[in-house]
Amino acid sequence: MKGRLKGRVVLHVLGGAFILLGLGGIVAESEPWPWLVWFAGAAILHDAVLVPAVLLAGALTARLPAAGRRPVRVALIVAGALVLVALAMINSTGRRPDNPSILPLAYGRGLAVLLALVAAVTAVRLLWNRGRLRNRVRR
Amino acid sequence: MVRQPAVLGRARGRFSSRLHDERTASWLGVWLAVAFGTAFVTGLISHFMQHPPDWLRWPSRPVNLYRVTQGLHVIGGLATIPLLLAKLWTVYPRLLQWPPVRSARHATERGLVFLLVAGALFQLVTGLLNIAYWYAFPFPFTVAHYWTAYVVVGALLVHIANEWSKVRRTVMKRPEDGIDRRGFLFTVAAASAAVALTTAGETFSPLARLAVLAPRRVGTGPAGVPVNTTALAAGVSATARDGGWRLTVTGRVGRELSFTLAELRALPQHTERLPISCVEGWSAGATWTGVRLRDLLRMAGAADDARVRVESLQRGGPYRKSWVDPPHWKDPLTLLALDLNGAPLDLDHGSPCRLIAPNRPGVLQTKWLNAVVIA
């Protein structure tokens, strides 16, 4: 018990020192105000926009029949992750005419293919669930 | 005491999913600790390879060490995005707890959680934007990403200290409440895997064709190797093509040397297979031919423990020159390359002459060399 308390204190001191080191570095070498806007802004955007959107999706999918709910939610989670990464590539301002090896792919098309794939897998799962349900009823 | 706004109470009562619980949060927390721990260590490796303190001498082997650590950093970081979002969704009801703060201690605890949440999101957002070459933020990426890492890891250590007993209790126990956490965790893992599979090919070439969301593709660019800074961007289009180009070896040498391109080609040539491993996570293996740096330094009579600086035709910029320590310049794989994949170097790959060494970040593989200086 005493050992665990000591471990907690050590972790708190170490953690506090790291935080101060990091904040000190930002103040000394980076641009603290724009940094703060992005730092706090990331949390605020996440808490006030992204999560409410996800909660809304959760509430909407809750209205689906039970057998379909799970596959649809799985699809939305996987697709959402892919969309986030793809959006960064699609909206990037980093393309340069002298360097075609930067962002060389058609990311919109790539994303469309991936989403179609997710949709197809989900459709198969839904059909499969329905088939199983029907078999159970027949028996 | 301020009364709880009714809307908050109603909102909290509507978190109907039973996945908003300790056990789900604990498992995701354990995964995240591993993910951020890995990113921190690999990030420090990358930082201190580029800015080594005086006492630190990086080894030149294993050849692919940096390629692996930086690939882990970037692809692992991308795969962490779904993990972090899932974890924050799981604990979201706690954001709305009432009263928001109960005591000074509770306020401190929540402040530290804010540092952890904001810092973790900041690292993933800036990291993703940076590898996408989308410099939407007004501050230099590397400095902010580096220092924020300490804030995140510090807040993470405090968080681990505070939550450890809870995690132990809930992870070690087999629950009998019938909640399908496994399905949810599996879904989150699948989202992470989907992100990793569609990006990892930019550094792990067997998966190259799957990497439809990766900002780089092996096989694009001159000689099939991607380029970071072009000759145009570096402002060397004219000087690198100048027929009067010379490579000089100067500084603390027995005798100063100066070579034309033809004279360099007349020296013993060596062909090696070495990767270009970029800090942005992509890498490409290639076949390089040129003169061993160590042969050149021996010709000039450099001391055994000399530190060597290679300099570029570039007029400025942070990567105009780079240091080559003894472990690297003594390595027979370290070349002043003249050819890439069987043809003379392309202008954008550093023609007429560039450094290529094992286990070294791409930004330090200095291009368009015109001087080797022994310190």
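This is a predicted model: local features need pLDDT of at least 70, side-chain atom pairs count only at pLDDT 80 or more; totals for chains, interfaces and linings use all residues.
**Entry 1: chain B as a whole**

I started with the overall make-up of chain B. I counted 11 helices and 10 strands in its secondary structure. Its C-alpha atoms fill a box of roughly 80 × 45 × 35 Å along the principal axes. Of the 375 residues in chain B, 46% are buried. I also looked at contacts with a separation of 6 or more: 73% of them in chain B come from residues 24 or more positions apart.

**Entry 2**

How many residues of domain 1 of chain B are in contact with domain 2 of chain B? I found 23 residues on the domain 1 side, in contact with 21 residues of domain 2. On the domain 1 side, α2 (22-50), α3 (65-90) and α5 of chain B each give at least two residues. The largest share is that of α3(B), with eight residues. By class, I noted 10 nonpolar, nine polar and four charged residues on this side of domain 1.

**Entry 3: α5 against α6 in chain B**

I then turned to a helix pair. Helix α5 (residues 104-131) and helix α6 (residues 141-171) of chain B pack at about 145°, and their axes are 8 Å apart. The crossing of α5(B) and α6(B) is left-handed. From α5(B), the residues that meet α6(B) include Leu112(B), Leu116(B), Gly119(B), Ala120(B) and Gln123(B). From α6(B), the contact includes His145(B), Thr148(B), Val152(B), Ala155(B) and His159(B). I sorted the residues of this contact into 14 nonpolar, nine polar and one charged.

**Entry 4: loops around the helices of chain B**

Two cis peptide bonds went into my notes. One joins Arg61(B) and Pro62(B), with omega about -5°. Pro62(B) sits in the loop between α2 and α3 of chain B. The other runs from Trp98(B) to Pro99(B), with omega near -5°. Pro99(B) is in the loop between α4 (92-95) and α5 of chain B.

The loop between α5 and α6 of chain B holds Tyr133(B). Tyr133(B) is not a glycine, yet it has a positive phi of about 60°. Is Tyr133(B) buried or exposed? It counts as buried, because it has 20 C-beta neighbours inside 10 Å.

I moved on to the strands. As a reminder to myself, sheet strands pair through backbone hydrogen bonds, either parallel or antiparallel. In chain B I traced an open sheet of five strands in the order β2-β1-β10-β5-β6, with mixed pairing. Its edge strands are β2 (257-259) and β6 (321-324) of chain B, each of which pairs on one side only. From one strand to the next, the twist averages 20°.

Which way do β5 (residues 308-312) and β10 (residues 369-374) of chain B pair? I found them antiparallel, over five bridges. Arg309(B) has Val373(B) in β10(B) as its bridge partner.

Although not a glycine, Trp368(B) has a positive phi of about 50°. Trp368(B) counts as buried because 26 C-beta neighbours lie inside 10 Å.

**Entry 5: a hairpin in chain B**

Strand β3 (residues 270-277) and strand β4 (residues 283-292) of chain B run antiparallel and are joined by eight bridges. One partner pair I looked up is Ser277(B) with Ser283(B), the latter in β4(B). The two strands β3(B) and β4(B) form a hairpin with five residues between them. In the turn, Gly281(B) has a positive phi of about 100°.

**Entry 6: chain A meets chain B**

Last, I checked the contact between the chains. I found 56 residues of chain A in contact with 59 residues of chain B. On the chain A side, α1 (2-29), α2 (32-61), α3 (66-91) and α4 (107-138) each supply at least two residues. Which helix gives the largest share of the side of chain A that touches chain B? It is α1(A), with 15 residues. By class, I listed 35 nonpolar, 15 polar and six charged residues on this side of chain A.

Technical notes. Residues are numbered from 1 along each chain as its sequence is written. Chains are lettered from A and ligands numbered from 1 in the order in which they are written. Axes are lines fitted to C-alpha atoms, for helices over the stretch in contact, and angles run from 0 to 180 degrees between N-to-C directions. Helices (H or I, at least four residues) and strands (E, at least two) are DSSP runs, numbered from the N terminus. A crossing is left-handed if the near helix is turned anticlockwise from the far one by less than a right angle, and right-handed if clockwise. Two residues are in contact if their C-beta atoms, placed from the backbone, lie within 7 Å. Ala, Val, Leu, Ile, Met, Phe, Trp, Tyr, Cys and Pro count as nonpolar, Asp, Glu, Lys and Arg as charged, and the others, Gly among them, as polar. A residue is buried if 20 or more other C-beta atoms lie within 10 Å of its own, exposed if 12 or fewer, and partly exposed in between; C-beta atoms are placed from the backbone. Two strands pair if DSSP finds at least two bridges between them.
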